[in-house]
Structures are given as C-alpha cells and as structure tokens.
Amino acid sequence: MSTFSIMATAKAVPDKVVTNDDLAQIMDTSDEWISRRTGIKRRHVVTDETNTSLATNVAKQLLAKTHVSPEEIDFIIVATMSGDYMMPSTAAAVQGQIQANRAMAFDISAACSGFSYGLDVMHSLMATHPNSTGLLIGSEALSKLIDWHDRTTAVLFGDGAGGVLVTNRDNDVNGQFLGSQLDAYGADGDALTMGHIANQSPFVTVDDKADLPLHMDGHRVFDFAIRKVPASIQAAADQAHLKLSDVDFFILHQANQRIVKSVARKMKLPFDDRFPINIDEYGNTSAASEAILLAELVEDGKIKRGDILAMSGFGGGLTTGTVLLKY
Ligand code: ACO
C-alpha cells in the first residue's frame, strides 16, 4: 500500500451531441436497437475540438481545481488510441500547451484499458519519485477513425476526455494505491483493430494496404470481456487483500451496459449503484470512459473520500486492467 492521492478529477466532452435518432437519419439503425443492445442514447462528437484540445481542457481544469502550478507537474501520461499525430504524443502536446516545463510526457496505447494501465504506470513512476505530482488523462476522438458506413461499430463510440491529478506528497487527502492486475491477450488482437499502417517503401514485395477504420468482432469482444473482467477484478482484489464486498464502486469501462451487468452477475453481486453507468450519455469513449465516469461521480458527491474504487478496463490488444484505489 502506498500514498497515491487523487487530488482532483475533471472531464471535457465535445459540444456536439449526436442522438440515436440522428444516426437513424444517416444509417440503417434505430434508437430501439441501439438502446436495447448497448444502453447508449447519445454520444458527443468532435467538430472543432481535437484529441489534444480535449486533453488540454482537462489538464487546465485539474490545475485550476487544485491550485497546483504547471511547474509542479512531474509526469503527464495520456491514454489514447486516437491521437492527433502518431508523433508527437498527445501528452507532449498537453505539456506544451499548459507549459508544464519540468514534466516528462508520454502516451499509453492500451485501448480501452488505457486509463487503468495509466494508473498503474503512474503509480510505479511515483514509487521511485517521492514528492511527485502527475496528470493522467484518457482522451479520445474516435469519430475520426470510425467507418461511418458500418452500423455495427459506428453507433457504439463517442469522443471525450477525463483525467486525474495525483500526488504522493504528504497532504490531508490520504488516498492509496491498493493493488492492480494488468493483462494482455495478444493472440486475440485481431478481434479489435484500428489504424493499420501499410508498408509502402519502394522495396516492398508483399501486398499490404493501409486500413484506418476500427474493425471489431463484437461477439468475441463481448465474450472476452465477461470472462476476463471478473477475473481481473478478483485478481486485483486478492493482491490488495480485499473482498469484493469491500469495494464501494466498480468503475468499469463503459463499452456496453449489458457487459457491466454480466460482469456483476459473474461476480455474484447485484447490479446496483455500485456499478455506475453513464454510457447512455457518452457511448464508448475508450480510454476516457472510466475517467469521465469517475469525474461525474465525484462531481455529484456520490464518491467520497475513503471510498474503495475498482477501476477496470478492457479492450483492444486484447487487454484488461484493474486498479484498486482508496479515494
Ligand atoms: N442497428 C440495427 N441493427 C444492427 C446494428 C445497428 N447499429 N448493428 C448490427 N445490427 C444487426 C445485425 O446485422 C444483426 O442482424 P441479423 O440478425 O439480421 O444478422 C443483428 O443486429 C444482431 O447483431 P449482433 O452483432 O448479434 O448484436 P449483439 O447483440 O451481439 O450486439 C454489440 C452487438 C453491441 C456490438 C455487442 O456484441 C457488443 O457490445 N460487443 C462488445 C463490444 C465492445 O465491448 N467493444 C469495445 C471494446 S473496447 C475497445 O477497446 C475499443
């Protein structure tokens, strides 16, 4: 157990709201199908915002809420799979925008597990740097990578960012990192892919084509999630010497309300307020989804200091990640 205090949470989503009915105007789908199969009602979609601007917005809010100056930030990590550039990283762009001149910055690519991976990586960095402060942000502009002609994926995703300012300095917020479990299942990576970059030099002898949009075998990912997420949460709890009944909130990646319900059932827990849901408003925002949900629960006063949180993500890689925290 070690000090790891979330000093503030924040979220930023694009202004443009696209309802299921809006989508039904441009593709063969319906509010009834999307709501029943996924729980999604609306999603926010970037117009003039970018992945970087959403993440920077979150970073600025976190600094303002905590009165921490940019120079006090040591680490900036952004979890994303939809950066504005492959290089530079979104984290470095945020570092430049907020002038966190002492901070190192890098992105994490673990798809929808990115925020949980990021919590673990941030905690490990801080463990070797006493009195440090970091920004961890999940940010996605997935709408630019979706095939808007493919109704099986286009209706599922949304854009947005969320994040936390964390510190291991002594202060009156006694948050703790309790345990974690990160896993990868690379042999199943083809179930969920996006942004294939083809070999294109004059020396290429094989037929290889660039393929930007997201492709997903929904059934495989669904089965994967309901098998591996309960195991991931249980393993993190075992590591933290906690029982599932000790956890106040299971902040699960918001990919599908049915997945969250199935995970609760597999863990033999009632699907109640301990499994909060906001997929109705945002759709699947990948690495941003846990952070947006956390920020909303804190904003609404539902999560209180001392609560035990299980932050659990799953997705591309395939990957899963669970981190147990005392808030
Ligand atoms: N509107 C209307 N009908 C549709 C739509 C749509 N948007 N999409 C598919 N359908 C049709 C299909 O064509 C199919 O029709 P058919 O029976 O005539 O063939 C029917 O609806 C049922 O399709 P299924 O794919 O069987 O629907 P299912 O109930 O499995 O739901 C879903 C699909 C929502 C994708 C589900 O499988 C799922 O949530 N999978 C997990 C996805 C996930 O979690 N992805 C994110 C991982 S996170 C990351 O890293 C990005």
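Predicted model: local features only at pLDDT ≥ 70, side-chain atom pairs only at ≥ 80, totals over all residues.
Reader: Okay, domains. Which ones does the assignment give?

Author: Domain bounds come from an automatic or database domain assignment. Here that gives domain 1 (2–167) and domain 2 (176–326). Their C-alpha centres lie 14 Å apart.

Reader: And how many residues of domain 1 are in contact with domain 2?

Author: Two residues are in contact if their C-beta atoms, placed from the backbone, lie within 7 Å. By that rule, 46 residues of domain 1 touch 47 residues of domain 2. On the domain 1 side, helix 5 (114–127) is among the elements giving two or more residues, and with seven residues it has the largest share. (Helices are DSSP runs of H or I, at least four residues; strands are E runs of at least two; both are numbered from the N terminus.)

Reader: What classes of residue make up that side of domain 1?

Author: Ala, Val, Leu, Ile, Met, Phe, Trp, Tyr, Cys and Pro count as nonpolar, Asp, Glu, Lys and Arg as charged, and the others, Gly among them, as polar. That side has 19 nonpolar, 19 polar and eight charged residues.

Reader: Now the ligand. Where does its shell lie relative to the domains?

Author: Domain 1 and domain 2 both give residues to the shell, so it lies between them. A residue is near a molecule if its C-beta atom, placed from the backbone, lies within 6 Å of it. There are 24 residues around the ligand, and Thr 29, Cys 112, Gly 218, Ala 255 and Gly 315 come nearest. Helix 7 (218–239) supplies the largest share, five residues. By class, the shell splits into 12 nonpolar, 10 polar and two charged.

Reader: Which residues does UniProt list as "active site"?

Author: UniProt positions are given in the numbering used here, feature names are shortened, and annotations may be inferred rather than shown by experiment. The unreviewed entry lists Cys 112, His 253 and Asn 284. They're spread over 173 residues of sequence, yet they cluster in space, with a largest C-alpha distance of 8.8 Å.

Reader: Is Cys 112 buried or exposed, and what about His 253?

Author: A residue is buried if 20 or more other C-beta atoms lie within 10 Å of its own, exposed if 12 or fewer, and partly exposed in between, with C-beta atoms placed from the backbone. Cys 112 is buried, because 32 other C-beta atoms lie within 10 Å. His 253 has 32 C-beta neighbours inside 10 Å, so it counts as buried.

Reader: Where do those two sit, and what is Cys 112 in contact with?

Author: Cys 112 is in the loop between strand 6 and helix 5. His 253 is in the loop between strand 12 (249–252) and helix 8 (257–266). Leaving aside neighbours within four places in sequence, the contacts of Cys 112 include His 253, Ala 255 and Gly 315. With that exclusion, His 253 has contacts including Cys 112, Ser 289 and Glu 290.

Note on methods: Residues numbered from 1 in each chain as written.
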